[in-house]
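Trainee: Hey, can you walk me through this one? I'd like to start with the words you use.

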Amino acid sequence: MKAAAATRPVHRGLWVRAVMTNPRATVCIQEPTLDTRAADHTRAKLRERSGRNDDKATVGGYRWCDTGTMELEEEVARARAIVDASRRIVVLTGAGISTDSGIPDFRGPDGVWTKNPEAEKLSTLQTYVADPAVRRRAWLSRINSPTWAAEPNAGHDALVTLERRGLLDTLVTQNIDGLHQAAGSDPDKVVEIHGTMRFVACLSCGARTPMSDVLDRVRAGEEDPTCTAVTQGGACSGILKSATISFGQNLVVEDLVRSEEATRRCDLLLAVGSTLSVYPAAGLVPGAYRAGARVVIVNGQPTEHDHI
């Protein structure tokens, strides 16, 4: 299936439609400059067409629209035109792009943390380190993760198409599932700013091990496996964790710097499937905007940066 995706004919604008089949809700287009009178005119026109009396139709330089409205079709067409006119695009993806692959998001109506707030503790470093029971639950959760059966969807494929058109500068993902690389995205262009669950890292010595190897140990009966790397003092025996960035854990500085540099030089930042509520990744959006880039946000719900 991946080989077929790699040889698909490239059609201009195809990626916009494909990405839209994933979040299926709102498009938000932000321009670095906006004439106030033009904004007022656009607001009035959108209210007239939608029958809405509020000012959400156009606020602070963006246009917001609901699934199924004529405005959505217009915004998709406008987003397609913006992409076609861009030459250096940075993409920021969140959990929403992987929901069509069977991986639930975190904060959506059916999100993991929405349904089970206690699950968020598994992503907090301090709790993970201090509580063996939390680690045992985390390892069981990793074994049963839907990620292992997930396949890339049309949204992932669309971004590969964007890359093969020569327009993608950098793909920054908050996701830890590895589906961008599985879809065919160049690993050298992907920044996994929150790490990856495909590997395990020791919190003591830093040794990395394929996740599959450690899960085999859990299936064999180790409820809380420890690091088996050999150090000068013998076996390390440090606490193991997925090679992801948990709450309370520092991001990899090189990944953050690379992401920020990419947003400063891009002419378009495309944010897909993220509520843009987790920092510092969410800060890439206003950073690109301040540097003069256009911003297109595609998400299932309004985000924290729709107001820019």
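Mentor: "Buried" means under 20% relative accessible area, exposed means over 50%, and partly exposed is in between, with a 1.4 Å probe and protein chains only as cover. Helices (H or I, at least four residues) and strands (E, at least two) are DSSP runs, numbered from the N terminus. This is a predicted model, where local features need pLDDT of at least 70, side-chain atom pairs count only at pLDDT 80 or more, and totals for chains, interfaces and linings use all residues. Residues are numbered from 1 along each chain as its sequence is written, and side-chain values use heavy atoms, leaving out hydrogens and water.

Trainee: OK, how many helices and strands does the chain have?

Mentor: Twelve helices and 13 strands. Of its 308 residues, 48% are buried.

Trainee: Which residues of H11 are buried?

Mentor: Leu256, Ser259, Ala262 and Thr263. They sit on the same side of H11 because they cover an arc of only 130° around the axis, going by the directions from the helix axis to the C-beta atoms.

Trainee: And what's on the face turned away from that side?

Mentor: Val253, Glu254 and Arg264, which are exposed.

Trainee: What covers the buried residues of H11?

Mentor: The cover includes strands S4 (89-93), S5 (168-173), S6 (190-192) and S12 (268-272), plus helix H12 (284-290); contact here means heavy atoms within 4.5 Å.

Trainee: New topic: where is Asp216?

Mentor: In helix H10, residues 211-219. Asp216 counts as partly exposed because its relative accessibility is 45%. Asp216 and Ile143 are 73 residues apart in sequence, and their C-alpha atoms are 9.1 Å apart.
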